[in-house]
Amino acid sequence: MINPHLSFAKQFPEPLQQLAGSLSEKLEEGHICIDLNAEVEFAEIVKQNPQLLELDNMQQPYSPQPFVRYRNRIYFHRYFRYENIILDKIRAMVEASAAFRNNRKTALLNMKESLAALFDRRAEGPDMQLCAAISAYLSNFCIITGGPGTGKTSTVAKLLSLLFREKPEMRVAVAAPTGKAAARLNEVFSQYANPADDAEITAKINAIEAGTIHRLLGGYKKFRHNADNQLEADLVIVDECSMIDASLMAKLMSAIPNNSRLILLGDRNQLSSVEAGSIFADLCVAGLETGNFFTEDFATFVRHFGLEGLKRKAEKNLLSDLVTELNYSHRFLADGDIGKFSRLTISGDASSLSMEDYAAFPKKEQKVELVPSFLADGDENFTQLIAQLKAYYAEADIEASFKKLNQFRILCALRAGKSGADYLNSLLEHALGIKSRKREFYHKQAVLITKNDYQNEIYNGDIGIIIDKNYKEKDDAGKPLPEKLAAYFLINGKLKEIALMNITDYETAFTMTIHKSQGSEYDHVYIFLPSGADHPLLSRELLYTAVTRAKSKAVIYATEELIRNSIAKRIKRISGISDRLLNEDSESI
């Protein structure tokens, strides 16, 4: 088999074929450039072939040259453009909001009572939700990051209350990378209620409808909304931003007017996008560095609202005061297993971890259990999983079936192999009595949509259930009626029926990959990690993302060594975003 990178590289002059092949491999691994400081073998190639590279040339964004070298990094031209578009847009939005900053400060001071009524303190220390809302109000661009249950979306809902009071006709667009993530946003907004709001404001927030980013931009690859035909929105809110790759982030930001507000939400510790780039995490690093630090000017201003004790920093960059991390989880108990385990995982300190540590955990709610042997005899957790599966299968009501389906999920790092999603899906099908898959669909099959279907309004990440309308029905002679299968989706609390002929891009979803579980939550999750303690997919981000999908219990099938190695390994994708922001990349690009 021909190496696709080698085949691709042959279009370039011979001295650059190795560079082109390696850069292509980097993109597949999620990086958007090569760091010449780390890969010195390419530095000599670049030095000997300057005529084939754009050497720090920032004035020719559409040059036909295939490579760009900038600050000792090598990019394909297209990805350098994506990086520039993102940084340029942030800079333009920050500059646009500077003209309104003093007026916005005055307006906030006049709304002190409203802010106090909307934001109720629940944790010790400064109220970071209030801090994030003030940051978002003052600037056209801001980022709010935090783990599950820290209140990112509810903070934005309260900010919406303030903005609707100021401008009742405000146009709001809300989006997420997947249909499932968008549906969860809709749940939050539709259920929003705050005693500080009147009925009209509450109704406006309840009526907000989120969709996928592709739907917002209009299309799949070539979007209707772009730099030349921007969105007509005063405020754009985007959730689950860790899942957005460099290409989509650049296209999204191009479509937003500089005078609009843009709020990016997400968990910087989650897995990054499947495609190249870790843009959200890179931006958070530049804005936060080691935590929530703010400039003297911002920290002094927010004291008017009772925000005391914010940490200060002298250095400034483009994202100073524009990135806030929410750390207090309203979902996970501080002393519960899931909260403890997720903090341990992200800290990267696995030195003290052992199986015995879990004996001291509460074991009452929000549990984490480590099971070193895969499907061993007497595995009570797997017995519980099968019981949950069978209870779901026996449920006749469709809406109740969705609730029971969300009580459990198997999460895997891989699709193939004994610990992979395909094998485990077949194992569960066998438990349901489905001995062999002679047909594509069957009664109570859970399906995950993998591609946006705009015509039928089902989107990547949506979960459906296949239902046989004639299940257990019999004719007058007592014979079973022929199967009459259809797919059902629960969209914004309403059942939607789709003909099976329209279900073309899907996966069976009793088991799913950890990557595809982002934006979802389940009562119990059963996590299967790949065997081999040095497996390249293992990382703290993978483990953290999987465990924090659980609301009540996470069962991890892995050895102690495998857990330790996962926590010790961090995913680091190469880009220039953080470096350019932290080192004052103020050139016109």
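**Side-chain contacts: salt bridges and aromatic pairs**

A salt bridge joins the side chains of Glu521 and Arg184, with an N to O distance of 3.0 Å. Because Glu521 lies in the loop between S20 and strand S21 (522–528) and Arg184 lies in helix H9, this contact ties together parts that are 337 residues apart in sequence. The structure described here is a predicted model. Glu521 is partly exposed, its relative accessible area being 22%. Arg184 also counts as partly exposed, at 23% relative accessibility.

In total, 21 salt bridges are found in the structure. One of them is formed by the side chains of Asp197 and Arg165, at 2.7 Å from N to O. This pair links distant parts of the chain, 32 residues apart: Asp197 is in the loop between helix H9 (179–190) and helix H10 (199–206), and Arg165 is in helix H8 (residues 152–166). With a relative accessibility of 11%, Asp197 counts as buried. Arg165, by contrast, counts as partly exposed at 31% relative accessibility.

A further salt bridge is that of Glu507 with Lys516, in which the closest N and O atoms are 2.5 Å apart. Glu507 has a relative accessible area of 16% and is therefore buried, since the cut-off for burial is under 20%. Lys516 has a relative accessible area of 35% and is partly exposed.

Aromatic contacts were examined next. A pair of aromatic rings is described by the distance of the centres and the angle of the planes. Nine aromatic pairs are present in the structure. In the pair of Tyr392 and Phe510, the ring centres are 6.0 Å apart and the planes stand at 75°, so the arrangement is edge-to-face. The pair links distant parts of the chain, with Tyr392 in helix H16 (residues 380–394) and Phe510 in the loop between strand S19 (506–508) and strand S20 (511–513), 118 residues apart. Tyr392 is buried, with a relative accessible area of 0%. Phe510 is likewise buried, and its relative accessible area is 0%.

A second pair involving helix H16 is that of Tyr393 and Tyr471. Their ring centres lie 6.3 Å apart and their planes are at 85°; the pair is therefore edge-to-face, as angles over 60 degrees are counted in that class. Since Tyr393 lies in helix H16 and Tyr471 in the loop between strand S16 (463–468) and strand S17 (485–491), the contact ties together parts that are 78 residues apart in sequence. Tyr471 counts as partly exposed, at 32% relative accessibility.

Elsewhere, one aromatic cluster is formed by Tyr70, Tyr75 and Phe80.

Aromatic rings also take part in contacts with charged side chains. The ring of Phe301 has the charged end of Lys105 over it, at 5.2 Å from the ring centre. In a second contact of this kind, the charged end of Arg261 sits over the ring of Tyr137, 5.1 Å from its centre.

Notes
Residues are numbered from 1 along each chain as its sequence is written. This is a predicted model: local features need pLDDT of at least 70, side-chain atom pairs count only at pLDDT 80 or more; totals for chains, interfaces and linings use all residues. Side-chain values use heavy atoms; hydrogens and water are left out. Rings of Phe, Tyr and Trp (its six-membered ring) pair if their centres lie within 6.5 Å; planes under 30 degrees apart count as stacked, over 60 as edge-to-face and the rest as tilted. Helices (H or I, at least four residues) and strands (E, at least two) are DSSP runs, numbered from the N terminus. Buried means under 20% relative accessible area, exposed over 50%, partly exposed in between (1.4 Å probe, protein chains only). A charge sits over a ring if NZ of Lys or CZ of Arg is within 6 Å of the ring centre and within 35 degrees of the ring normal. A salt bridge is a side-chain nitrogen of Lys or Arg within 4 Å of a carboxyl oxygen of Asp or Glu.
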